Amino acid sequence: MVAIWRRMSGVALGLLIVDLAGALLLTVVTPSFTSTYNLFITGRDFSILLLVALAQMIVLAVGQMNLSIGAIGGLVAIVESGLMVSYDTPVVIAIACGLVLGAACGAVNGLLIHWTKVNSFILTLGTSYVFAGVNLGITHATPFYHIPGAVASFGQARIGAFPEIAIVTIVLAVALAVFLRQTVLGRQLLAVGGNPVAAALSGLPVRRVIVTAHGISGFFGAVAGTLLMAQLGEGQPTIGVTWILPSFAGPIIGGAVLAGGSAPLLGTVFAMVLVSLISDGLILVNANPYWVQFFVGALILGGVLLGRVRAVGLRDVFRLKSTAPPVTDRPAEEPVPRRPAEQK
Amino acid sequence: MSATRTVAVRTRLTELRGTGLLRTLGLLALLIITAGFWIFFSAFATGFTSDFNLFFLLRSAAIAVTIGFAQMVVLSIGDMNLSVGAIGGATGMFAGWLMQVLGVPPALAVLLALALGTSLGFGNAALVVWTHLNSFIVTLATASLITGGMLILTRARPFSNLPDSFLGIAQIELGGVPVAPLVLIMLGVALVLGLVYRSTSLGREMLAIGANRQAARMSGLAVGRIVLVAHGLSGLLAALAGAMSVAANNTASPGIGSDWVLASFVAPAIGGTLLSGGLVSVSGTVLGGLLVATISSGLLLMNVSNFWLSVFLGAVLLLAVGLDRITRTVGGAAS
Amino acid sequence: MSTIAPARVVLEAAGIRKQFPGVVALDDVSLRLRSGEIQALVGENGAGKSTLIKILTGVYQPDAGSVTIDGAPVRFGSARDALKAGISVVHQEHNLIPQFTVAENILLERIPTRLPQLVDYAAIYREARPWMKTVGLDMPATRSVSALSAAQMQLVEIAKALSLQARILLLDEPTAAITPHETGYLFRVLRELRAQGVAVVFVSHKLEEVFELADRVTVLRDGRNTALDHEIKGLTQDQMVTYMIGRSDVLAQLPARPARGEPVLEVRDLATEAGARGITFSLHRGEILGLYGLVGAGRTELAKAIIGELKVTGGDVLVRGRSARIRDLRDALARHRIGYVSENRKEEGLILLHSVLTNMSITIWRRLRLFGQWIRRSSETAAVMPLVKQLDVRAHSLAQQVGTLSGGNQQKVSLGKWLAADVEILIIDEPTIGIDIKTKNALHELIWNLAANGKAIMVISSDMPEIVRLADRILIMRNHRLVGDISNSHDYEEVSAAIMSRLS
């Protein structure tokens with residue numbers, strides 16, 4: 001615990017304080033906030049959206065992005081429920097197939113980006129339509145109802161206010177933290193994000209790293225899709241269509257930079273807590289549900305603006321001229337007593 | 001030595017690219033592909049060449065191209081605008097509200113909607129310029145702000161009781177030919193944009209800062225002002241596309257714009273606009289939008305599931321950027 | 001390290017050719033490297049040294065020629081292949097991961113693990129420390145690299161290359177950014193490695209270092225060998241310079257010019273955010289003012305502060321006698337008619353993707369436009385064409401992409417855009433960096449003629465012969481201060497000695 005506390009970034013700490021204040025406020029203002037059922041619902045939504053945010057965080061860490069997380073989640077949920085409903089595949093096998101498919105979709109993103117050198121934004125935008133299209137092509141937009149009871153009841157299961165699907169999220173988040181901090185591949189991943197040229201010149205396996213990051217992203221998206229399917233109790237083709245915004249909200253508010261090299265896991269967690277608190281609060285006060293979208297947008301802007309203030313100081317944030325990186329004289333020769341030949 | 005020869009060929013290709021010949025060839029290829037699809041669908045998709053179908057095809061192409069233009073102008077300065085759809089949807093709803101609830105005459109309503117779109121674009125630009133935030137993040141956030149705001153204000157209720165004089169611009173045919181006035185509007189916009197990029201100081205400046213912002217600034221260009229204009233123009237074009245969609249759908253519905261993100265990138269990308277900035281092709285974007293509309297219409301008539309269209313569009317986008325990448329690699333662009 | 005008999009050739013490159021769009025970087029270049037030997041690789045800027053290093057380490061692939069290790073031909077597809085073959089390198093560019101600690105950066109290629117795949121941080125810090133000590137880096141191994149100075153980063157890179165304990169070690173300008181004290185450390189280590197049988201390639205501009213450290217030398221000039229595997233013993237500094245510069249470098253004395261006119265740019269007691277203090281000088285019409293200084297002396301920063309790119313914190317800049325607060329280059333160009341030719345053509349000077357025409361007319365679009373916005377292609381061409389002729393820009397057409405031109409022609413375009421705008425004051429930062437000798441001479445004559453025609457020109461250069469040849473007066477800069485202002489007699493011996501005395 002102490003180690004975590006000491007390593008916590010300023011952003012994460014700030015978010016934690018805001019989270020606690022927000023929770024306190026909600027407790028005081030709306031008594032139903034602390035009801036077991038409300039906490040369960042909120043925790044369950046949070047568990048799924050956090051996975052989505054982590055799926056984005058891991059690709060942001062290598063300086064890329066993944067717009068197809070939602071499409072992968074949707075496709076995986078459909079394939080799993082389709083296997084279970086239409087082909088009576090055992091639950092474990094169906095889900096295993098789905099998760100492998102998700103990771104594979106992600107890996108394909110990574111491979112295509114590495115091979116074609118096409119910007120990850122445009123590439124994953126393209127593949128997201130491919131994945132979503134396959135999903136709709138399979139389902140014709142009709143859900144697979146009646147998934148096995150075991151799966152559906154897992155989605156509803158709780159211990160007190162604690163949703164059981166949160167176990168999956170916690171295990172994966174911890175595993176991701178260990179991966180990034182403690183494994184060679186994890187370190188290489190952050191190295192590639194931090195300085196891709198240096199990483200390549202140092203002989204790091206850049207392709208493997210990129211594919212791994214995208215593979216993990218696809219896998220997390222697939223798990224999120226699976227959990228949402230379990231929670232809904234059916235394979236909805238629309239699973240994942242609204243994930244783009246929360247996927248960026250978490251890491252960006254949490255302190256990630258688009259240029260890569262950082263993976264603020266705690267910041268992402270606390271940012272998603274904040275997003276969940278806001279959504280829940282708005283529901284509890286019976287506000288128009290569209291406010292959620294509005295607030296998340298505002299939060300992202302606020303988050304990046306704050307990051308900018310921290311980086312350059314309040315005075316310079318609105319300075320028109322680019323705060324160009326410090327210019328240095330290029331490495332040049334010392335005053336070699338070199339003589340033009342005619343002087344000889 | 002074969003290695004030397006390869007280098008020579010590569011150098012030659014680079015020079016060709018430098019003089020724009022490769023780009024012309026690319027456009028020609030796009031034209032041939034589009035023509036090929038027209039021939040194919042005329043032969044195999046019953047009803048493809050009917051007046052009715054051509055009317056709808058060209059009308060949807062006009063809208064797709066306008067959406068593509070809205071993205072193209074920000075791509076030209078090396079930015080992107082994820083709020084194209086949000087602006088189109090919000091301004092479309094605004095125009096619908098003006099006409100249906102306030103009884104504002106259509107021409108004025110559309111003008112006000114365009115003004116709103118332009119100011120929303122200025123808002124994006126202000127955030128991008130003054131805070132140096134990445135345009136991706138800024139427009140992702142403003143897209144959700146704009147759409148959220150629109151839904152809150154309208155409670156997601158459509159305006160479907162619009163004046164006929166407004167709907168006419170999308171529904172009537174021009175002098176018996178199956179062409180909607182929307183197509184003329186789009187062609188007019190294309191003409192203006194073509195002139196802007198070819199022969200005006202503004203167009204040149206946009207391309208210059210798109211290709212190398214630092215060098216452009218250090219050549220004395222007013223980068224901030226140009227970014228402002230480009231995003232404003234993007235907002236204006238998005239609003240125009242929104243108004244066109246409202247007219248085409250007979251109704252201002254809150255769903256307009258929700259599926260524009262891909263479409264906005266596809267048309268310019270196919271047409272040869274460089275996604276990293278500094279190079280645009282107006283005629284390419286027109287052809288790109290036309291190709292997408294052609295394929296959609298043809299597949300629909302051939303009873304191919306509409307859902308597969310999404311796969312197809314995604315694949316076309318990937319192919320287009322992939323091909324662009326390959327020609328550039330072969331051309332050996334200074335890497 | 002095994003005790004291999006010295007004089008065994010471990011790495012040999014023969015007939016290497018490498019072409020980039022518009023320029024042949026290496027043409028039939030060879031290099032022979034023996035174990036237990038330090039081979040210096042010297043040459044002027046743009047001679048092809050870094051390109052050769054990049055080919056030997058798999059970053060670039062040669063267009064022709066062969067590389068052999070222990071007599072067996074090798075073909076490196078990537079930096080990883082070269083590493084596996086036992087080649088370790090310090091590149092000229094910084095290649096560290098800023099977010100990581102010093103220790104992690106040093107051991108980046110082979111992070112120690114416990115259990116399969118789990119990082120052993122204790123081992124990282126333990127193993128990195130000796131290497132830090134070797135290069136004289138005295139700080140906690142857990143320090144983040146982003147917090148280090150340029151010199152410290154350079155030392156981390158050297159420590160990283162040494163820690164690989166490769167049998168071939170390539171160092172591209174390792175001493176460019178470090179102090180003499182740290183250089184001493186490095187040399188001691190390199191000599192130890194030599195004794196252990198490691199083959200070392202040492203790239204440097206500093207001839208005294210080469211004579212002090214190297215056993216043999218290979219010299220490149222304009223992408224060709226002028227000396228191959230030559231013994232240092234018996235070689236004089238003069239001979240070395242001849243190899244580097246060659247007979248073709250005989251640059252004629254430039255003709256006499258009319259006397260300078262009134263001052264047009266006066267800088268009084270200028271202080272900048274970049275750290276300059278008390279900068280005072282004036283630049284006159286028809287004058288070429290040289291600004292000489294070493295790495296990090298702050299010459300480029302000073303120029304950028306004058307044109308408003310960096311913040312001025314004190315003092316005054318006067319243009320044509322009136323106090324000027326220049327906000328940015330737009331302001332400098334439009335109100336004060338000042339132009340700045342950047343040393344960094346790729347990032348600040350040119351739009352490589354665009355045509356020669358666009359790059360040269362970019363400064364005059366505002367002047368050319370009709371009805372508010374319209375630019376007629378014919379008037380644009382008419383404005384640019386005479387300059388293309390005057391500068392002798394070699395391009396197929398005005399529509400050719402600037403990125404496909406050679407360095408010299410790119411520099412001419414970069415200069416041309418300011419001539420198109422008809423500026424009166426021109427600051428040229430490193431006018432001939434990476435440019436072949438013939439074009440260099442042409443550019444010198446051009447700058448000379450511009451001054452003769454009444455332009456006020458400031459030339460920033462770290463190329464002493466260039467400064468001595470071109471400038472009327474030479475300002476000497478050291479650590480963000482002006483430490484000398486000498487009148488140039490164009491006598492190389494005398495002037496270079498005068499400059500050196502002010503720098504030490």
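A: Chain B reads α-α-α-α-α-α-α-α-α-α-α-α-α-α. Helices (H or I, at least four residues) and strands (E, at least two) are DSSP runs, numbered from the N terminus.

Q: How many helices and strands are there in chain B?
A: Chain B has 14 helices and zero strands.

Q: What should I know about the model and its numbering?
A: This is a predicted model, where local features need pLDDT of at least 70 and side-chain atom pairs count only at pLDDT 80 or more, while totals for chains, interfaces and linings use all residues. Residues are numbered from 1 along each chain as its sequence is written, and chains are lettered from A and ligands numbered from 1 in the order in which they are written.

Q: What share of chain B is buried?
A: Buried residues are 55% of the 335 residues in chain B. A residue is buried if 20 or more other C-beta atoms lie within 10 Å of its own, exposed if 12 or fewer, and partly exposed in between, with C-beta atoms placed from the backbone.

Q: Why does B:Thr24 count as partly exposed?
A: Because B:Thr24 has 13 C-beta neighbours inside 10 Å. B:Thr24 is in helix H2 (residues 21-44) of chain B.

Q: How far is B:Thr24 from B:Gly284?
A: They are 260 residues apart in sequence and 9.7 Å apart in space, C-alpha to C-alpha.

Q: On to chains A and B. How many residues does the contact take from each?
A: The contact takes 39 residues from chain A and 35 residues from chain B. Two residues are in contact if their C-beta atoms, placed from the backbone, lie within 7 Å.

Q: Which element gives the most on the side of chain A?
A: H6(A) does, with 13 residues on the side that touches chain B.

Q: Now chain C. Which domains does its assignment give?
A: Domain 1 (9-248), domain 2 (262-337 + 424-504) and domain 3 (347-422). Such bounds come from an automatic or database domain assignment. The centres of domain 1 and domain 3 of chain C are separated by 39 Å, taken over C-alpha atoms.

Q: How do S21(C) and S22(C) run?
A: Strand S21 (residues 473-478) and strand S22 (residues 481-487) of chain C run antiparallel and are joined by six bridges. Two strands pair if DSSP finds at least two bridges between them. C:Arg473 stands opposite C:Ser487 in S22(C).

Q: What about the turn?
A: Two residues lie between the strands of the hairpin of S21(C) and S22(C), where C:Asn479 takes a positive phi near 50°.
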